[in-house]
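Subject: Structure for you to look at

Dear colleague,

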Amino acid sequence: IACDASQMHLALVWEKLGDRTGAHTTAIHFVDASGSIFGQADVALPETLSRLKVGGFWRDDVNVPLQKMDARATRVAIGVYSAGNELLYTQHPMSDWGGRRLIFDIRGCRSSGP
């Protein structure tokens, strides 16, 4: 995670753990310490993901305008929703929602907006 005066830059590296059909969405939630959501910037995963073999990796580069991030947000929580609107497991120790969202501190990123 890196920030400049106008946006947050997220470089997300994912591993495909199984085959799932349909469109998936990366959920990017701006949250406080309790996990309350104060803004979000969801993005669709690439359609080419269906051709990636299980065990393969891909990278998403996401730029989020800082005005989408409320001043109360101290963390970003990132997860993946399946086509059926199921939040998938992250398999990472820095997570919440029962291991379904990755959590990263973003206190160094601040918007000049409300």
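Aspartate 105 is partly exposed, with a relative accessible area of 43%, where "partly exposed" covers the range between buried, which is under 20% relative accessible area, and exposed, which is over 50% (calculated with a 1.4 Å probe on protein chains only). Please keep in mind that this is a predicted model, in which local features need pLDDT of at least 70 and side-chain atom pairs count only at pLDDT 80 or more, while totals for chains, interfaces and linings use all residues. Residues are numbered from 1 along each chain as its sequence is written, and side-chain values use heavy atoms, with hydrogens and water left out.

The side chain of aspartate 105 meets that of arginine 107 in a salt bridge, with 2.4 Å from N to O; the term stands for a side-chain nitrogen of Lys or Arg within 4 Å of a carboxyl oxygen of Asp or Glu. Arginine 107 itself counts as exposed, at 55% relative accessibility, and lies in the segment after strand S9 (101–105), a strand being a DSSP run of E with at least two residues, numbered from the N terminus. Although arginine 107 and arginine 75 are 32 residues apart in sequence, their C-alpha atoms are 6.9 Å apart in space.

How many salt bridges does a search of the whole structure find? The search finds four, and among them is one between aspartate 61 and arginine 59, whose side chains meet at 2.8 Å, N to O. Aspartate 61 is exposed, with a relative accessible area of 54%, and arginine 59 is likewise exposed, with a value of 54%.

Are arginine 101 and aspartate 96 buried or exposed? Both of these residues are buried, and they form a salt bridge in which the closest N and O atoms are 2.6 Å apart.

Finally, please look at histidine 24, which is found in the loop between strand S2 (7–15) and strand S3 (25–31). Histidine 24 counts as buried, at 9% relative accessibility. If residues up to four places away in sequence are not counted, histidine 24 touches Ala44, Leu45, Val80, Tyr81, Ser82, Ala83 and Leu88, where touching, or contact, means heavy atoms within 4.5 Å.

With kind regards

How values were computed. Helices (H or I, at least four residues) and strands (E, at least two) are DSSP runs, numbered from the N terminus.
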